[in-house]
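Here is a report for a reader new to this structure. Please keep the model in view while reading.

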Amino acid sequence: MKLDQKRVSTGIEGFDEILHGGLIQGRCYLVVGETGTGKTILSIQWLLDGKKRGEAGLYVTLVEPWREIERDMASFGWDLRGIDVLDLTPTVKFEETAEGEYHVFPPSEVERIPVWQAIYQAVEAKNPRRVVIDSVTLLRYLSTDEYQFRKHILGLVRFLNSKGCTSLLTFEPTDLEGETSVALATDGMIRLRLEISPARVIGLRSLEVEKMRGSDFMTGLHPLRITDSGIKVFPHRIEKPRDVRPGEETLPFGIQQLDRLLGGGLETGTTTVISGPTGVGKSTLGMQFLAHAVANGKKAILYVFEESQQLVLARSRGVGIPIEEMIKSGDLRIVRANPLEFYPDEFLDLLRKAVEKENGKVVMIDSLRGYRMAMEQFGSLVAHIQNMVTYLNNRGVTTLLINEVEHLTGDLVLTEIGISHLADNLILIRYAEYAGKIIRVICCLKKRLGGHLPELWEFSVTPRGIRMERNLEELQGVLTGIPSFKGK
């Protein structure tokens, strides 16, 4: 990337990061997308950002009348006054024949002032810094043949660049396939997409920069949303592991026997998977850790995909874990995430802002099943989790991932989505049948930093909290779910 090139902000959250600072001033960019992908919204939002910065903007519309665009943009609360407009939308004219019939003439045959000339004149007269032509597709239809269109478009791009204008030209992707001269003439290409997920559950909006002369950019598909305040883009950041030393401090659960089992607790900056079947106490154990961490001066954030905050409060209250005051003080925050509400990069962006702005030191995701439901529409689940875990590790955050397995008893299963290798610590909780009743059993199967005891403990969840009942050293086969006494 050339350091002496001046950048032009897009005014769109996340987009400048993808462009490594913004568009290059005095260059022409192609915005490609089907109808409904947000080309007009992006263009208007960009011009409004220029207006805030004192940069004159010109909007040339050839398809939709300006009054209709103003009406549509009013839903965002935008004031479009101050943006110069050249409305060249075609008006269909009719001519009556001698036989009394009417013939419809194409716009190219009835325009009194040639469209190309009108654009040149408007740029000369208004001297804008930012120009939008929406859409160049119609200019193709107004040209008598392909040669004339290519000649005109190359001339227009050179003219705009020579005037120091930074320009956006919108175009339909189907026409681009057969008309490559537009892509070749412009300095960059931005593609907007609206696709339906494989399960046909959710619409997937994304932005991709396919070309940008004179600069590097962030590759890949970047999710976007059209919100009440305009477009927001969530850059697809690939988190790279840093040489961060974990384990500067050990955070206990506050349960004496459990902390002894874990060699004192969980080291800071590590990732722990608490795995087990439904109802066995995974979330309660995780909440115990969060509450004890907050009591020791750490800020914690809980993301729940399957329960409401009120349910979390009621469950915690029912097992003797007081968290109401922690929430009121802001030291513990519970975020409810609808499984169908977030893109993976959007959720990671939400998490990043919470960790960095609120100085969060402990994060719990409850549960990976809910996270899976939210993210499986968007590619590899393991890759998304690894990206999230890498970021949290880089920030020195202590992370708990609550993982539910289907098997109540029987063969040992740690996770069903293949993420065991991402964990520094693995805590397994499961049911076992013993002496005619169902008991809960807990053990630590993996701990990368420090030692742990290879013991199996029976534990219970009571109104006064979690209790470690006894060491099951006299039994064997406990992890199969049907233990027996040793030697029998």
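Cysteine 444 counts as buried, because its relative accessibility is 5%, and buried means under 20%. The model is predicted. Cysteine 444 is in no disulfide. The nearest cysteine sulfur belongs to cysteine 443 and is 7.5 Å away. Cysteine 28 is buried too, with a relative accessible area of 0%.

How many disulfides does the count come to? It comes to zero. Cysteine 28 is in no disulfide. The nearest cysteine sulfur to that of cysteine 28 is in cysteine 165, 9.4 Å away. A disulfide needs two cysteine sulfur atoms within 2.5 Å.

Which strands are at the edges?

Strand E4 deserves a look of its own. Five of the five residues of E4 are buried, so the strand is largely enclosed by the rest of the structure. Gly57, Tyr59 and Thr61 point one way from E4. Leu58 and Val60 point the other way. All of these residues are buried.

E4 has pairings with both E8 and E5. E4 and E8 run parallel and are joined by five bridges. Here valine 60 stands opposite isoleucine 133 in E8. E4 and E5 also pair in the parallel sense, over four bridges. In E5, aspartate 87 is the bridge partner of threonine 61.

Strand E8 (residues 130-134) pairs with strand E9 (residues 166-171) in the parallel sense, over four bridges. Valine 132 has leucine 168 in E9 as its bridge partner.

**The sheet with E17**

Another open sheet of nine strands has the order E18-E17-E19-E20-E16-E21-E22-E23-E24. Its pairing is mixed. Strand E18 (332-336) and strand E24 (465-471) stand at the edges. Each has a single partner strand, so one side of each is left without a neighbour in the sheet. The twist averages 25° from one strand to the next.

E17 and E18 pair in the parallel sense over five bridges. Leucine 302 stands opposite isoleucine 334 in E18. Helix H16 (residues 381-394) packs on the sheet. Helix H16 touches strand E16 (271-276), strand E19 (362-366) and strand E20 (398-404). The direction of H16 makes about 155° with that of E20.

| Strands | Sense | Bridges |
|---|---|---|
| E4 and E8 | parallel | five bridges |
| E4 and E5 | parallel | four bridges |
| E8 and E9 | parallel | four bridges |
| E17 and E18 | parallel | five bridges |

**Aromatic rings**

How many aromatic pairs does a search of the whole structure find? It finds ten. One of them joins phenylalanine 253 and phenylalanine 289. Their ring centres are 4.8 Å apart and their planes are at 55°, so the pair is tilted. The pair links distant parts of the chain, 36 residues apart. Phenylalanine 253 is in the loop between strand E14 (250-251) and helix H10 (256-261). Phenylalanine 289 is in helix H11 (residues 282-295). Both phenylalanine 253 and phenylalanine 289 are buried.

Another pair is formed by tyrosine 303 and phenylalanine 347. The ring centres are 5.2 Å apart and the planes are at 75°, so this pair is edge-to-face. Tyrosine 303 lies in strand E17 (residues 300-304) and phenylalanine 347 in helix H14 (residues 344-358), so the pair ties together parts that are 44 residues apart in sequence.

Are these two rings buried or exposed? Tyrosine 303 is buried, with a relative accessible area of 0%. Phenylalanine 347 is buried, also with a relative accessible area of 0%. Both belong to one aromatic cluster, which is formed by Tyr303, Phe305, Phe342, Phe347 and Tyr371.

A charged residue also meets a ring. Arginine 225 lies over the face of tyrosine 343, at 4.4 Å from the ring centre.

Technical notes: Residues are numbered from 1 along each chain as its sequence is written. This is a predicted model: local features need pLDDT of at least 70, side-chain atom pairs count only at pLDDT 80 or more; totals for chains, interfaces and linings use all residues. Side-chain values use heavy atoms; hydrogens and water are left out. Rings of Phe, Tyr and Trp (its six-membered ring) pair if their centres lie within 6.5 Å; planes under 30 degrees apart count as stacked, over 60 as edge-to-face and the rest as tilted. Helices (H or I, at least four residues) and strands (E, at least two) are DSSP runs, numbered from the N terminus. Buried means under 20% relative accessible area, exposed over 50%, partly exposed in between (1.4 Å probe, protein chains only). A charge sits over a ring if NZ of Lys or CZ of Arg is within 6 Å of the ring centre and within 35 degrees of the ring normal. Two strands pair if DSSP finds at least two bridges between them. Axes are lines fitted to C-alpha atoms, for helices over the stretch in contact, and angles run from 0 to 180 degrees between N-to-C directions. Contact means heavy atoms within 4.5 Å.
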